[in-house]
Structure formats: C-alpha cells, structure tokens
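The sequence and the model come first.

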Amino acid sequence: MERIRARYAESYLALFCVVFALIFIRYCCDGFRYFYQLDDYIQFHNLTVGGLDSLSDLLRAGMLADRPVAGILDVYFWSLFFDNMLLGVLLMSALYAASALMLRWVWARHFGVGNVFLVVYALLPLGLEGVYWMSAATRIVVGLFFAAAALLWFEKWCAGGKKYTLVLYMLLQLVACGFYEQILIFSVASVLIVAFLHRHAPGHRPLWGLFSFVSAGVYALLMGLLPASEVYAARISLVPPTSVYYWKTYLPGVLRQVADAFAAGGFYTTVKGFYRGAQILAGGRNIFYIIDIAVLAALLFFSTRHGEGPLKAPGKGLIAGLLLAAAPLAIFFFISNSWLSLRGTVASYCGIALMADIACRLIFSRLKSAGTAVAGVAAALAVIFSVAAVSEVHDYKATTQKDQEVAAVLTGTLKKDGNLHRDLNVGILHLEPSYLDDQNYYYHEHIHGVTESDWALHGALEWLAGPNIPDVAPLPENPMYFPWNCASRRLSNFDVLYLYDGDETMTQVLAVPAAAETYALYEPDGTYLGYTWEEGGYGYLELGEPLP
C-alpha cells in the first residue's frame, strides 16, 4: 500500500511539474521579465512607498473592508517582488498549477476527469488577464489556491472523517473568502457540490459543508463593519430585480457582457491569438520556446494516455460543471457596478474544464484507442493555448514599453516647463487608452495602457517621479469624456493643457473659448491646432480642422 501511495504521489508531482512549466514558460516567451500593467505600480510600489506600512493605515484607507487578505498580502508580501516581479509570477504559476492538480484530484474521485481538465483550466488564453497580470492574480489565483485546498480537505473529511481534515477545510475556506467575491462564491458552490456527492457518508459529515455559509457570513460582516473606500462601497451596492430598469436595461447589459467575455473573448484570444502567436514565433528567435512546448506537450500526452482512470457519472459531472461555471457569475447579476472583465471569467474555468474533459471522453468513448485520442486532444490544446498566449504576452510587453515611454516623456516635459508639482491639474489631449494597432480582442480594459484612466496614469508617474506630481488626466480623441465625468473633464477645469503627438512629444497648448464648451486650440506661438466641442455631455477633439 505504501508503495502504491508513493507511486501515486510521484505521478502527481511529475504532472505538477509539467503543468507548472506550461503555465510559467508562456510568460517568458518575450524575455525573462514581467510586463507591468495599470494598477501594478500602485499596488506593489506606491502604496508601500507612500506610507501604508501598518494595518491601521490599511484600515483607514478602507482596504480591509473588501478583499482584506489580498490587500494585506499586496502590501506585506507581493510588494517585495516589485523590482523582480517575474519571481512573483513564478510563485503565482506554482500556486495556479497546484490549484489545478487539487481540483483535478477531487473531481477525478467523483467523475474520473483527467488532463484535458488541467489544460483547459490552467492554459485557456482567455484567462491571461486574471492569471498573469499580477494586480488581478494576487486576488484570483491565490484565492483559487486556498479554495482548492479547502475543497481537497473537505473531500478528505467526507471520505475519511478525520477531524484535522475538517479543521483544515474550515480555516482554508475562511482565508479563501478574503481574496475575491467570485472566489468566495466558487468555494461555497464547490463545497456544496462535494457535500451532495457524499450525501450518504456516515456521521452527517457532509452537513459540515454548510460551514461555507458561515465563511461567507464572516466576510459580509467584515465588509459591513469596517470603513470602506468609495470604490469598495460601489462593489457591494446591489440592484434589486424588482424594477423595470433591472429587466429592460441592467439584465440585458449583463448578458451582453457574459457573451462578449466568454464567447467572443474565448474565440478571439484562442483562434486569432493562435494565428498571431504563430506569426510571432515564425518571425522571431523563439526556437527554444517551440522546443519546450513540444516536449511538455509530449510529456502531457504520455501522462494522459497511461495515467487516467475511467469516466464516472458523466451526467452528474456535466451538471456539476455547469453549476461551477455559472455560480461565480451570479454576483454580476446584482451588483450596481456590473463590470465583467476578462479576468472575471477565470473563476468559472473549473466548471468549464470539468465539462470539457467529460465531453471529450464521451466523444471518444466508443473508440478502441479512446485513451490515445483523449491524450492527443490534451496535448494539442496545450500547444494551441501556449502559442495563443505568445500573442497576449507580446501585447503586454508592447503596452508596458509604451507606458514607460509616455511616463518618461510626460514627467520630462512637466519638469522642463516647471509644472511638476502637485497643486496643478493637467490635461493631456490625444492620449489614448490603448497604443496597439492590433490585438486579439478589444474589450473593457484588456491590455490597456496606464493612459486608460487618470488613477493608473498617476500611479505610473508617481512610480517614476515620486509623489510630488500634479493630477494628470488623459483626454483621448473621441470621446474625450462622457456624461458621467464631464464635470471634471471639461477643459475649463485644467490649469495646464498638453497635446500628445502619439510618439515622443508633449506640446503645451492654449484653449481659447469659441462657443459654449467649444474651444480653439493653439500652440504658445499662435499656431492653430484644432478644436474641441461638447454634445450631449460627450467631449470631442478634432485636430487639423478649422472651427465649424
């Protein structure tokens, strides 16, 4: 028995190494460095440099009233990796691979799932925003690790009844709830499904799955008692499904986001991502990446072909997968600020992967060489997903490089003009949220630069130039602003205006009123540049054209 257990552990350790390598190597296809995005400068640098170095500081800032464990770890742990963030990504990859193996272990006991589950869960290119971008991964990936660990120990409790497994499950789930609301829901749903599957276990063990509601209640109580920032308060504001607005406006908007994120996002990041990734690999010196992926896919093939058990209860497995995919999305159907980004899809991958694995096995179940066919699917998906990831990481790299160029040009120009001090309000015309001529999928803030918002731009400038910087707002071409932020974005609100040429120059401009909320733009020497106008609360910029 001990020899069997040792061999079983060795096979899981070997599989962990393969999955971990497949996850991490994607992030190194464009060099051994991490490409910082949006919040990264704020969460892992500016907060600690700015003096948030105690729990009382975090409490006063409202950072413990929402995702408290993630906030604490950002400041006290992940910020330590800021200058060498690829090491943080390395650790994150290990945590994600571990969560994949733990979830596979649990569901294999009930449904016989195998390595197709691992590939879809761990490598789906749609999820890079949630598993590579560190500002998101420190919440989603770490939360999934604790949720998977809690589920594993709950499974052991239901199957074996040892009290220490119950204690570990309870503690780990409490921790998991402190990372991300979707992870909380996923953890509750997965535990309840396992409890149902063990409903005939002796000693009423499955009833301890109801402790999930205690964990969720503790988190809700914490959010209610601790002071929250305005951003966090918006996350817990709900839209009741009892109004005409909910059914005619709110719900259709949420459903469109679900379709755009999962269906369109999944298609473009995989299909277009693979096409662009293959072009990048063919046009560059990436032979080592190609060899590594081929070797790892081959190892996965032989592991799948010889190391998986039979499929069990596929009907129940498909239902469980559907529930696990849908449950983490439930929150978006009720919160007032319903913003389903691509990172918001990651918590559903366990359910999607479970359904994909079972469907794959059912499709090939009548073949004599069914094991070989399923192994081929797992290996082929690993290759396709890994090639598609190349294009996503390539776009992250291009965005980071341009972000840092823009930040350097802006701080240099502000310093040269004597405007690098915090009591100014500066607007930058023609500064767009995305620099890329092409990317796999344009959706929400996916692979946007720090120019996407004033807070992200401020974060990058503070990282580069220190805290004594003005408030800087990007004013893209069309539209410059929207009805919801027009009051703060109208040109009359800015002390200084600059025009960005899209390359390396920021030119100070003068805005001369021509009509109500219409301004003619001039260089200091009187050269006419264009004009801005407002219509229905939307602001617009027209360069090179005379005033109408």
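A residue is called buried when its relative accessible area is under 20%, exposed when that value is over 50%, and partly exposed in between. Asp 357 has 1% relative accessibility and therefore counts as buried. The model is a predicted one.

**Domains and their interface**

The chain is split into domain 1, residues 1-394, and domain 2, residues 395-543. Taken over C-alpha atoms, the centres of domain 1 and domain 2 are 36 Å apart. Domain 1 brings 35 residues to the contact and domain 2 brings 27 residues.

About 2800 Å² is buried between domain 1 and domain 2, and 53% of this area is on carbon and sulfur atoms. On the side of domain 1, the residues that lose the most area to domain 2 are Leu 38, Tyr 41 and Glu 392, which together account for 24% of what that side buries.

Polar contacts between domain 1 and domain 2 join 27 residue pairs, with both residues at pLDDT 80 or more.

**Salt bridges**

By the rule used here, the model has 13 salt bridges. Between domain 1 and domain 2 the count is five salt bridges.

| Pair | N to O distance |
|---|---|
| Arg 343 and Glu 445 | 2.7 Å |
| Arg 276 and Asp 395 | 2.9 Å |
| Arg 361 and Asp 357 | 3.1 Å |
| Glu 405 and Lys 402 | 3.7 Å |

The pair Arg 276 and Asp 395 belongs to a network of salt bridges that also links Lys 272 and Asp 438.

Which parts of the chain does the pair Arg 343 and Glu 445 tie together? Arg 343 is in the loop between helix 15 and helix 16, while Glu 445 is in the loop between strand 1 (425-429) and helix 18 (454-465), so the pair ties together parts that are 102 residues apart in sequence. Both Arg 343 and Glu 445 are buried.

Other pairs lie within a single helix. Arg 361 and Asp 357 are both in helix 16, four residues apart, or about one turn of the helix. Arg 361 counts as buried because its relative accessibility is 10%, and Asp 357, at 1%, is buried as well. Glu 405 and Lys 402 are separated by about one helical turn because they are three residues apart in helix 17. Is Glu 405 buried or partly exposed? With a relative accessible area of 39%, Glu 405 is partly exposed, whereas Lys 402, at 15% relative accessibility, counts as buried.

**Residues of the loop between helix 15 and helix 16**

Ser 341 lies in the loop that runs between helix 15 (314-326) and helix 16 (349-363). Its relative accessibility is 4%, so Ser 341 counts as buried. Apart from residues up to four places away in sequence, Ser 341 touches Glu 129, Tyr 443, His 444 and Glu 445. Glu 445 is also the salt-bridge partner of Arg 343.

Thr 345 is found in the loop between helix 15 and helix 16 too. Thr 345 counts as buried because its relative accessibility is 0%. A polar atom of the Thr 345 side chain lies 2.6 Å from the backbone oxygen of Leu 342. With neighbours within four places in sequence set aside, the contacts of Thr 345 are Leu 126, Ala 261 and Phe 262. From C-alpha to C-alpha, Thr 345 is 8.9 Å from Ala 325, and the two are 20 residues apart in sequence.

**A threonine in helix 13**

Thr 270 is part of helix 13. At 16% relative accessibility, Thr 270 falls under the 20% cut-off and so counts as buried. Beyond its neighbours within four places in sequence, Thr 270 is in contact with Pro 125, Ile 384, Phe 385 and Ala 388.

Definitions and conventions. Residues are numbered from 1 along each chain as its sequence is written. This is a predicted model: local features need pLDDT of at least 70, side-chain atom pairs count only at pLDDT 80 or more; totals for chains, interfaces and linings use all residues. Side-chain values use heavy atoms; hydrogens and water are left out. Domain bounds come from an automatic or database domain assignment. Contact means heavy atoms within 4.5 Å. Buried area is the accessible area (1.4 Å probe) that two parts lose on being put together, summed over both. A salt bridge is a side-chain nitrogen of Lys or Arg within 4 Å of a carboxyl oxygen of Asp or Glu. A polar contact is a pair of N or O atoms within 3.5 Å; within protein, one must be able to donate a hydrogen and the other to accept it, and residues adjacent in sequence count only if both atoms are side-chain atoms. Helices (H or I, at least four residues) and strands (E, at least two) are DSSP runs, numbered from the N terminus. Buried means under 20% relative accessible area, exposed over 50%, partly exposed in between (1.4 Å probe, protein chains only).
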